Amino acid sequence: MAGVLVFAEQREGRLKKPSLEAVSEGRRLAAGLGGDLTVLLIGDDPTAGIPDVKRLGADRILTVREPRLRLYAPEAYTRAAEEAVRKVDPDLFLMAASAMGKDLAPRVAARLRTGLASDCTGLTCDGGSISARRPVYSGKAIATMTFVACRPAMATLRPNVFPIPAQPAGGRGEALDLPVPFEDSHFRCRTLSVEAAQGTKLDVAEADIVVSGGRAMKGPENFKYIQELADALGGAVGASRAAVDAGWIDHQHQVGQTGKVVSPSLYIACGISGAIQHLAGMSSSKVIVAINKDADAPIFKIADYGIVGDLYEVIPKLVAEVRKLKA
Ligand code: FAD
């Protein structure tokens with residue numbers, strides 16, 4: 001059967017937002033390919049995600065359930081995905097470029113001996129030919145790749161790039177269990193627990209607004225300026241590597257080539273020069289605002305709005321204005 005298969009990731013009974021985006025994009029592409037949209041849910045009880053994927057237009061929902069699948073188990077999840085591909089025989093297999101997707105997708109692609117385009121920011125299907133766009137060389141260039149003679153084509157989708165429609169999409173929404181013959185060897189490696197980092201409100205990779213601080217923060221205590229602006233806007237706190245390496249903020253906040261890749265609607269870079277390795281993590285943000293006291297800082301070349309000034313004066317004024325607007 002032709003069409004699109006999407007693996008949707010869940011955590012504690014809730015589908016992750018990047019997976020909802022992948023399902024929405026899968027719906028759009030399935031219509032273009034003239035096939036069905038099938039969504040794969042894996043877990044100890046993956047049924048909690050069914051209403052959400054139905055609303056996003058899934059024709060079929062395959063559930064793979066096993067107590068040991070509550071958290072990610074690389075070999076078992078690969079086995080389940082392989083079985084789903086065998087059953088559905090899709091043209092295209094999508095998942096989010098989340099930490100799990102980045103681990104799982106290459107395993108599945110290798111097992112299926114097919115092609116994978118990772119961290120895509122655009123997909124098209126034209127008369128059955130599927131192409132993917134993805135940033136390369138730390139975001140300096142965009143590569144367009146076409147899948148030739150590999151089926152299913154596989155792609156992981158960069159979070160926060162693909163829209164989730166507000167309106168429910170039409171789909172048959174048939175749910176069925178997919179039996180997978182697991183062996184103990186599939187569980188040689190599995191996640192036993194996931195602990196949320198202390199004090200973390202929002203993950204930068206999933207936030208719609210990110211406010212980041214760089215070397216100009218001068219110390220951990222000044223990140224309160226960044227936190228205040230992020231709180232006023234309802235966003236997450238990010239950081240450059242300089243701030244992380246100095247020990248002012250935890251690595252989970254780092255944006256860039258060796259940190260997280262973010263694509264929020266709004267990215268505010270405060271006291272960040274705009275090194276290529278930082279841009280690699282945020283240049284696909286929809287609106288970029290830079291606050292820097294050096295008018296020649298490279299960050300201004302990619303910023304949609306630039307404020308030349310001292311962030312310690314600018315940020316409190318921005319916070320006051322945002323609060324006034326929201327009041
Ligand atoms: P700086 O480059 O020192 O810039 C500080 C800026 O703050 C300056 O532009 C200055 O004008 C401005 N400033 C100072 N005071 C104020 C003030 N009061 N108000 C307003 N502006 C002020 N970097 C990342 O960020 N993420 C990565 O993932 C990453 N990965 C890397 C991987 C490799 C292999 C390598 C080699 C480097 C990597 N880097 C990464 C480091 C990167 O090259 C830069 O060194 C780093 O991004 C610089 O951080 P910064 O912009 O905060 O600091």
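Biologist: Which of the 25 residues around the ligand come nearest?

Modeller: First, a word on the source: this is a predicted model, where local features need pLDDT of at least 70, side-chain atom pairs count only at pLDDT 80 or more, and totals for chains, interfaces and linings use all residues. Residues are numbered from 1 along each chain as its sequence is written, and side-chain values use heavy atoms, with hydrogens and water left out. A residue is near a molecule or strand if one of its heavy atoms lies within 4 Å of it. Here the nearest are Arg215, Ser240, Thr258, Ser273 and Asn292.

Biologist: How far is the polar side-chain atom of arginine 215 from an oxygen atom of the ligand?

Modeller: The distance is 2.6 Å for arginine 215. Serine 240 has a side-chain N or O atom 2.6 Å from a ligand oxygen, and for asparagine 292 the value is 2.7 Å.

Biologist: How are two packed helices described?

Modeller: By the angle between their axes and the distance between the axes. Axes are lines fitted to C-alpha atoms, for helices over the stretch in contact, and angles run from 0 to 180 degrees between N-to-C directions. Helices are DSSP runs (H or I, at least four residues), as are strands (E, at least two), numbered from the N terminus. In this model, H5 (residues 223-233) and H9 (residues 311-326) have axes that come within 9 Å and cross at roughly 20 degrees. These two helices, H5 and H9, are therefore roughly parallel to each other (angles under 35 degrees count as roughly parallel, over 145 as roughly antiparallel, 65 to 115 as roughly perpendicular and the rest as oblique).

Biologist: At what angle do H3 and H4 pack?

Modeller: Helix H3 (residues 74-88) and helix H4 (residues 99-112) pack at about 55 degrees, and their axes are 9 Å apart. H3 and H4 are therefore oblique to each other.

How values were computed: A polar contact is a pair of N or O atoms within 3.5 Å; within protein, one must be able to donate a hydrogen and the other to accept it, and residues adjacent in sequence count only if both atoms are side-chain atoms.
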